[in-house]
Amino acid sequence: MLSTMKLPSHITEKKLKSLYKEMWLIRYFDEKVDQFFAKGMIHGTTHLCVGQEASASGSIGVLQAKDKIISTHRGHGHCIAKEGDVNKMMAELFGRVTGYCKGKGGSMHIADVEKGNLGANGIVGGGIPLAVGAALTSKMKNQGYVVLCFFGDGASNEGSFHEALNLAAIWDLPVVFICENNQYGMSGPVKEMTRIENIAERANAYGIPGKVVDGNDMIEIMNTVHEAVEKAREGNGPALIEMKTYRWKGHSKSDAKKYRTREEETEWRKKDGIKRFKDLLIEEKILSEEEANRLQEEAKKEIEEAVKFAENSPEPPLESLLEDVYA
């Protein structure tokens, strides 16, 4: 199933190709992390975004360099899409000093402020007020950047979601709220947690635009987010965009996925955003099959090199245990 929307005129063919490779970087990164967790080589926990690559790449792909993002506990894709360093990311998960947090933060605490990634967050809904604060800074200091705020369907039931949307609305802040609805909040299906059919309908309560998009359709995502971002940049306030997608893996590494069927998983895998994007680019003669394979292999090689970088990096010395820690 290809996109029914036109290719975005504001995105070059070169950029579209780079986004295709980026989606494979995200997938290979998380698949590799999955393998190393299973082998006991990475400790703690992690939340993988395999199957959700389009929402990260498509949304962040339309931003300007000065724009900011706030991520979630399932944030590897967001970090890579905001030009994160996969070497430093992998090293962080391996607990090495060359990681983003010197090996002490792990999967849910990566940030890259220089690139505009204001950080992931281990607290459900915890990043939403932070995004509003960053947008308020942009407006008060006339800095001209827009903030993309990512969160999951479960976070839309937190008080932080409602308080932040209300404040952003009444102050017309340059923030776009993106709900990655992957159908489950931990092991509970959305339909059992929320009575309304679409989370985007909650935008009506705050007088801001709300829209539902196919979270596996790169073109619909890019067009929709670009429109919302530019309206926010022009001073027209926030928007809420709900992306209907699906995580192929469990909620976290401790999740056996016993609450959903194989048939459901198979149906969603048929909607794979990477394959749909590739098929569209080939149909539009932007990409050839050979070039697509080459970009995929380049992404795989980059992740393999990131693993080597992490494995060859030193662990934090014991005497540094209490350094870089809030007290």
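A total of 24 salt bridges is counted in this predicted model, where a salt bridge is a side-chain nitrogen of Lys or Arg within 4 Å of a carboxyl oxygen of Asp or Glu. Side chains of opposite charge can pair when their charged atoms come close. The model is a prediction, and for that reason local features need pLDDT of at least 70 and side-chain atom pairs count only at pLDDT 80 or more, while totals for chains, interfaces and linings use all residues. Residues are numbered from 1 along each chain as its sequence is written, and side-chain values use heavy atoms, with hydrogens and water left out.

One of these pairs joins glutamate 298 to lysine 21, with 3.4 Å between the closest N and O atoms. Glutamate 298 sits in helix H11 (residues 289–311) and lysine 21 in helix H1 (residues 13–38), so the bridge ties together parts that are 277 residues apart in sequence. Helices here are DSSP runs of H or I with at least four residues, strands are runs of E with at least two, and both are numbered from the N terminus. How covered are the two partners? The terms are simple: buried means under 20% relative accessible area, exposed means over 50%, and partly exposed lies in between, using a 1.4 Å probe and protein chains only. Lysine 21 is buried because its relative accessible area is 17%, whereas glutamate 298, at 30%, counts as partly exposed.

Another salt bridge brings together the side chains of aspartate 34 and lysine 253, at 2.3 Å from N to O. Aspartate 34 belongs to helix H1 and lysine 253 to the loop between S7 and H9, so this pair links parts 219 residues apart in sequence. Aspartate 34 has a relative accessible area of 16% and is therefore buried; lysine 253, with 33%, is partly exposed.

Arginine 233 is partly exposed, with a relative accessible area of 21%. Elsewhere, salt bridges that share partners join Lys17, Lys21, Glu291, Arg294, Glu298 and Glu302 into one network.

The expected span of a helix is 1.5 Å times one less than its number of residues. For the 16 residues of H8 (residues 218–233) this gives 22 Å, and the end C-alpha atoms are 22 Å apart, which agrees. Just after the helix, glycine 235 takes a positive phi of about 95 degrees. Buried residues of H8 include Met218, Ile221, Val225, Ala228 and Ala232.

Helix H2 (residues 53–60) is mostly covered, as eight of its eight residues are buried. Among them are Glu53, Ser55, Gly58 and Ile60.

Strand S7 (residues 239–244) holds glutamate 242, which counts as buried because its relative accessibility is 0%. The side chain of glutamate 242 makes a polar contact with that of lysine 244 at 3.2 Å. A polar contact is a pair of N or O atoms within 3.5 Å; within protein, one must be able to donate a hydrogen and the other to accept it, and residues adjacent in sequence count only if both atoms are side-chain atoms. Leaving aside neighbours within four places in sequence, the contacts of glutamate 242 include Cys179, Asn198, Ala200 and Val212.

Glutamate 83, with phi near 65 degrees, lies in the loop between helix H3 (76–81) and helix H4 (86–93) and counts as exposed because its relative accessibility is 56%. Lysine 257, with phi of about 60 degrees, is placed in the loop between S7 and helix H9 (262–269); at 22% relative accessibility, lysine 257 counts as partly exposed.

Glycine 103 lies in the loop between H4 and helix H5 (127–140). Leaving aside neighbours within four places in sequence, glycine 103 is in contact with Glu92, Gly95 and Arg96.

Note on methods. Contact means heavy atoms within 4.5 Å.
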